[in-house]
Structure formats: C-alpha cells, structure tokens
Amino acid sequence: MKTKIVAILSVCAALAFVGILGAYSIITDQKQKEIDKGKEFIKQIDAIHFASDSDTEKTELTYDGIVSESDTSYGGCMQYTDGVYIYYYSSLRQTIDGIMQCPEITEEGFEISIDTAHSLADSLYKLCNADVDFSNVKTDISTALSGAYMFTYEEFSNQVGTGAIGSVCISRQGYIIGANFMHKEGSEVIEKTTAEPITETEARDVALTAIIDDIGGPGSYDSLSIIEDDSNTVSVHTFKGVTFWLIEENIEYTQGDQKNIVGYHIKINYYNGEVIEVASTNH
C-alpha cells in the first residue's frame with residue numbers, strides 16, 4: 001500500500017510539474033507575441049523611410065526588455081533597438097511612445113527641405129496616434145534648433161486639448177533625432193462630459209489673483225496692469241488626464257521707483273478653478 005501511495009504521489013508531482021511548464025510556456029508565448037507586435041509596428045515606421053542612407057547603418061531589430069517603472073518617461077514600455085534608433089513600444093496601447101537616435105550615429109547625406117521634414121513628421125505622428133482626427137490637430141513648426149526641424153502636435157476637440165500631444169525632431173539630413181507621443185487616456189474631457197467648466201473670464205480672474213499672490217499679495221505694489229499684446233493667450237489643454245486653462249500674460253507692476261515686467265504662464269483646472277501651476281520669468 002505504501003509503495004502504491006508513493007507511486008501515486010510521484011505521478012501527481014510529475015503532472016504538477018508538467019502543468020507548471022505548460023503555464024510557463026503559455027506566458028512565454030504570449031510575451032513573444034507582444035514582442036513580435038512591437039516589431040511589426042516598428043516596421044511601419046521603417047516604411048516612412050526617414051533618411052535615404054540610414055538602412056545601411058541599421059542592424060537587425062532586437063528587443064532589449066521592459067523599461068523600469070521608475071523611468072518617468074517610458075516606464076513599462078518595451079524597448080527595441082536597430083543600431084540607428086531606440087524605440088519605446090507600449091504593448092497596452094500597441095503603439096510607439098517615443099523614439100531616440102542612438103548616440104553613436106554619424107549622420108550623412110544630403111539636406112532635406114523643411115517641407116519634406118514636415119511630411120515625414122506628419123506621417124510619424126499619424127502612425128503613432130491612429131485614434132486622432134488629424135484635421136483637428138494644431139501643428140507648430142520651429143527652425144530655431146541648429147541643424148534640425150522641430151514639429152509639435154496637439155489635438156483639439158471643441159477648442160479643448162484632448163491630451164493627444166506629440167513632438168518630432170528631424171535633422172536636416174532626414175534622421176529622427178527624437179520623438180515623443182502622449183496619448184488620450186481617461187482625460188477629463190471624456191470623463192466629465194456633463195461637468196460645467198469655469199469660464200474664460202473666471203479663469204482670468206483666478207490667474208490675476210495668482211499673479212498678485214506671486215508678487216507678494218495685495219498692498220505689495222503701487223500699480224499693476226496687464227500688458228495687452230499678442231503674447232497674451234488663453235487656451236485649454238489636457239495633460240495626463242488633467243484638463244486646464246493655460247493663461248499666458250505679461251504684466252507690469254511698480255514698487256516704489258522700481259518698474260517690473262514679468263511674463264506669466266499659469267495653469268488652472270478647467271472644471272474647479274484650482275491653480276495647478278504658476279510659472280514666471282521671475283523664477
């Protein structure tokens with residue numbers, strides 16, 4: 001009887017071990033599928049063909065592992081490299097969150113036009129933000145960077161930023177220097193469709209109070225006025241699920257014989273009027 005019990009226990013143990021191996025195999029297969037999905041997505045980026053001679057520098061695309069969660073930029077993303085670029089792929093969203101050029105790359109080739117760079121950047125943004133209505137995307141172009149073009153993107157819905165933000169920096173030789181994409185996920189624009197936002201006038205009043213507090217509070221100045229020019233802007237954006245008024249104003253105030261001109265950049269919660277951030281040229 002004892003021999004029979006031992007035999008049964010041995011069989012059970014063997015079956016349990018096989019079960020564990022089976023579960024491990026399933027997990028491994030699932031992970032491999034995620035890795036392969038990332039590679040397929042990156043192949044679509046290759047199809048955009050940023051630099052005419054970049055393919056000669058590229059090596060086989062390899063998967064490097066999961067980025068540490070402590071990395072605030074790409075924590076949790078799957079990292080890949082191909083010798084020219086480092087890609088950060090989100091298996092959750094099944095899209096690219098960021099691209100960085102490998103530091104050892106030496107760019108060669110002819111200089112591309114800003115129109116060509118713009119077309120390439122648009123293609124990359126559309127690919128990495130497939131759920132965005134590009135007709136509602138505002139694009140800003142900067143040529144201030146030495147040897148590069150910078151394109152920034154933000155989608156708006158009824159003049160409110162949805163949280164779909166992107167930036168693409170392309171070298172004059174047609175290489176991606178860096179790209180970053182923020183995606184729509186649980187923004188207040190979607191979650192609070194029945195909530196009443198504060199008005200622009202209310203947002204401006206809150207901003208003025210924040211400015212007065214920042215310079216020392218009521219009574220700390222002799223005069224204060226907003227400089228009315230084109231640099232004063234009011235807009236609504238969403239970032240990481242928080243929708244806010246962005247008030248940008250230049251103010252002039254005097255304290256005795258001293259006249260001060262300060263630029264302010266103030267974020268105010270779109271729904272409850274809470275001041276999120278006060279930044280100025282004084283700080």
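**Asn158 in the loop between strands E6 and E7.** Asn158 is placed in the loop that joins E6 to E7; helices (H or I, at least four residues) and strands (E, at least two) are DSSP runs, numbered from the N terminus. The model is predicted: local features need pLDDT of at least 70, side-chain atom pairs count only at pLDDT 80 or more, and totals for chains, interfaces and linings use all residues. Residues are numbered from 1 along each chain as its sequence is written, and side-chain values use heavy atoms, with hydrogens and water left out. The backbone angle phi of Asn158 is near 55°, a positive value in a residue other than glycine. Most residues other than glycine have a negative phi. Asn158 counts as exposed because its relative accessibility is 75% (buried is under 20% relative accessible area, exposed over 50%, partly exposed in between; 1.4 Å probe, protein chains only).

**Gln94 in the loop between strands E3 and E4.** The loop shown here runs between strand E3 (85-90) and E4, and Gln94 lies in it. Gln94 is not a glycine, yet its phi is positive, at about 60°. With a relative accessible area of 41%, Gln94 is partly exposed.

Glu155 belongs to strand E6. Its relative accessible area is 4%, so Glu155 is buried. The Glu155 side chain makes a polar contact of 2.7 Å with the side chain of Thr162 (N or O atoms within 3.5 Å; within protein, one able to donate a hydrogen and the other to accept it, with sequence neighbours counted only if both atoms are side-chain atoms). The side chain of Glu155 also reaches the backbone nitrogen of Asp133, at 2.9 Å. Apart from neighbours within four places in sequence, the residues in contact with Glu155 include Tyr125, Val132, Asn136, Val137, Val160 and Lys184 (contact means heavy atoms within 4.5 Å).

**The salt bridge between Arg172 and Glu111.** A salt bridge, at 4.0 Å from N to O, joins the side chains of Arg172 and Glu111 (a side-chain nitrogen of Lys or Arg within 4 Å of a carboxyl oxygen of Asp or Glu). Arg172 sits in the loop between strand E7 (160-171) and strand E8 (176-182), and Glu111 in the loop between strand E4 (95-101) and helix H2 (114-128), so the pair ties together parts that are 61 residues apart in sequence. Glu111 counts as exposed because its relative accessibility is 53%.

The side chains of Glu200 and Arg204 form a salt bridge at 3.4 Å, N to O. Both residues lie in helix H4 (residues 200-214), where Glu200 and Arg204 are 4 residues apart, about one turn of the helix. Glu200, at 38% relative accessibility, is partly exposed, and Arg204 is partly exposed with a relative accessible area of 31%. The side chain of Arg204 also meets that of Glu249 in a salt bridge, at 2.7 Å from N to O. Arg204 lies in helix H4 and Glu249 in strand E11 (residues 242-255), so this pair ties together parts that are 45 residues apart in sequence. Glu249 counts as buried because its relative accessibility is 4%. Through salt bridges that share partners, Glu200, Arg204 and Glu249 are joined into one network.
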